[in-house]
Amino acid sequence: VRSWRLRVGAIAQPRHSILGMAAAPAPGLAGPLYAFAACGGYMTLGPLLILLNDHILHRLHFPYPIALSALGVTFSAACCRLLTLTRLVPLTRPELAQSRAFFWRTTLPLAALAALTLALGNAAYMHLTVGTCQILKALTPAITLGLSYALRLEEPRAPVVGCVLLMCCGTAVAARGEIALPRLGLLLQLSANLAEAVRVVLAQRLLSAGAGAPLPLVEMVHHVAPYQSLCLLAASAAVELDSAEHRARAAAAVLGAPLAFLGASALGLGLQFGALLAIKVAGSVTMKLLGIARNGSLVLFQAARGAEALAPRQLGGHAASTCAFVIYTLLRLGYFGGGGGGGGAAKQKAQ
């Protein structure tokens, strides 16, 4: 309760918004309402984007998941470039735009891995249900932890390893409940998990090794998103839109429902800002727990509205995996008597 009061008090102080501009103070009741709105927006935008992408891929007959990813990233890149060019968001480190070392060591690897994650993740929705994809995403922390250990970035304690094993077992039970789980869809989603894990580990390694404070979100998107968009557009042109027939079909779908595609692009951009805003007002621990609850609620929502038939064994396996994920997150962030292998500095940062 004391930490929440301190956090609310901090919200009420003058601070800088996610765009780097001064924000108005939030006295009295406005502080908790501001935090609630930020967390609620983060909880809402993600599922809306997933469901809208699924609607575009299947109902609007747009079977081009890489091209759909490219549209959203291109929209984000254009908006962030516009913010920096008009100096609404001035660059804190403009010299990075001319740095070849930063481009080859940070910008290009992160852009390629982020593009791969989006492309594979959206492609998985062509073969798997939304609920099954959310269940399989629970394996991402296990893959990330394995890569961190392989690269000697950290050595996790036994409780953390136990939580990871429970996540894997719960996911295996939940996925087994899907009677006709397509192998291609399973391979695509697991590959997306692997690409995301590599991206997170690489970002942790590269950005922690760099000098100076971490870049703001808009500035990072300013550097990474244009090259991420180029990677996605090149892959889509080579794999999906490789003939005049496919290009005409894609153009007809976009022109037939432009608001759906514009909405998906805007939701993708809003989700990035919403995640940062949730971290600012509620902290990284709360943001991680909100993400866990968001994925679980999306699985239950799909089952409740009859869009997917989930057996009790699937729900039980997903519940076990979610509980393990909650404990894993708290352990990694320094709760329950020590950090999860990151040392005192990591624990201090988490607090």
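Visitor: What is the handedness of the crossing of H4 and H9?

Guide: In this predicted model, helices H4 and H9 cross in a right-handed manner.

Visitor: At what angle do H4 and H9 pack, and how far apart are their axes?

Guide: Helix H4, residues 100-124, packs against H9 at an angle of about 50 degrees, and the two axes lie 8 Å apart. The pair is therefore described as oblique.

Visitor: Which residues make that contact?

Guide: From H4, the contributors are Phe-102, Phe-103, Thr-107, Leu-110, Ala-111, Ala-112, Ala-114, Ala-115, Leu-118 and Ala-119. From H9, they are His-223, Val-224, Tyr-227, Gln-228, Cys-231 and Leu-232.

Visitor: And how many of them are nonpolar, polar or charged?

Guide: The contact of H4 with H9 comprises 13 nonpolar residues and three polar ones, with no charged residues.

Visitor: Turning to H3, how does that helix pack with H9?

Guide: Helix H3 covers residues 65-85, and its axis is 8 Å from that of H9, at an angle of about 150 degrees. An angle over 145 degrees counts as roughly antiparallel, so H3 is roughly antiparallel to H9. The crossing of H3 and H9 is left-handed.

Visitor: Which residues of H3 and H9 meet there?

Guide: On the H3 side, they include Ile-66, Ala-70, Val-73, Thr-74, Ala-77, Cys-80 and Arg-81. On the H9 side, Val-218, Val-221, His-222, Ala-225, Pro-226, Ser-229 and Leu-233 are among them. By class, the residues of the contact of H3 with H9 are 14 nonpolar, eight polar and one charged.

Visitor: Pro-226 is on that list; where is it found?

Guide: Pro-226 is found in helix H9, which spans residues 217-239.

Visitor: What is Pro-226 in contact with, leaving aside its neighbours within four places in sequence?

Guide: With those neighbours set aside, Pro-226 contacts Ala-77, Arg-81 and Val-221.

Visitor: How do H3 and H4 pack with one another?

Guide: H3 and H4 pack at an angle of about 130 degrees, with 8 Å between their axes. That angle makes H3 oblique to H4. The crossing of H3 with H4 is right-handed.

Visitor: Which residues meet in that case?

Guide: Pro-65, Ile-66, Leu-68, Ser-69 and Val-73 of H3 meet Leu-118, Ala-119, Asn-122 and Ala-123 of H4. This contact of H3 with H4 has seven nonpolar and two polar residues, and no charged ones.

Visitor: A change of topic: which residues of H6 are buried?

Guide: Helix H6 runs over residues 140-150, and Thr-140, Pro-141, Ala-142, Thr-144, Leu-145 and Ser-148 are buried in it.

Visitor: What about the phi of Arg-152, positive or negative?

Guide: Arg-152, which follows H6, has a positive phi, near 60 degrees.

Visitor: Now for the whole protein: how many helices and strands are there?

Guide: The protein has 14 helices and two strands.

Visitor: What share of the residues counts as buried?

Guide: The protein has 351 residues, of which 41% count as buried. Its accessible surface amounts to about 18000 Å², and 68% of that belongs to carbon and sulfur atoms.

Visitor: Of the contacts with a separation of 6 or more, what share comes from residues 24 or more positions apart?

Guide: Such residues account for 84% of those contacts in the protein.

How values were computed: Residues are numbered from 1 along each chain as its sequence is written. This is a predicted model: local features need pLDDT of at least 70, side-chain atom pairs count only at pLDDT 80 or more; totals for chains, interfaces and linings use all residues. Side-chain values use heavy atoms; hydrogens and water are left out. Helices (H or I, at least four residues) and strands (E, at least two) are DSSP runs, numbered from the N terminus. Contact means heavy atoms within 4.5 Å. Axes are lines fitted to C-alpha atoms, for helices over the stretch in contact, and angles run from 0 to 180 degrees between N-to-C directions. Angles under 35 degrees count as roughly parallel, over 145 as roughly antiparallel, 65 to 115 as roughly perpendicular and the rest as oblique. A crossing is left-handed if the near helix is turned anticlockwise from the far one by less than a right angle, and right-handed if clockwise. Ala, Val, Leu, Ile, Met, Phe, Trp, Tyr, Cys and Pro count as nonpolar, Asp, Glu, Lys and Arg as charged, and the others, Gly among them, as polar. Buried means under 20% relative accessible area, exposed over 50%, partly exposed in between (1.4 Å probe, protein chains only). Accessible areas come from the Shrake-Rupley method with a 1.4 Å probe; for residues, only the protein chains shown count as cover.
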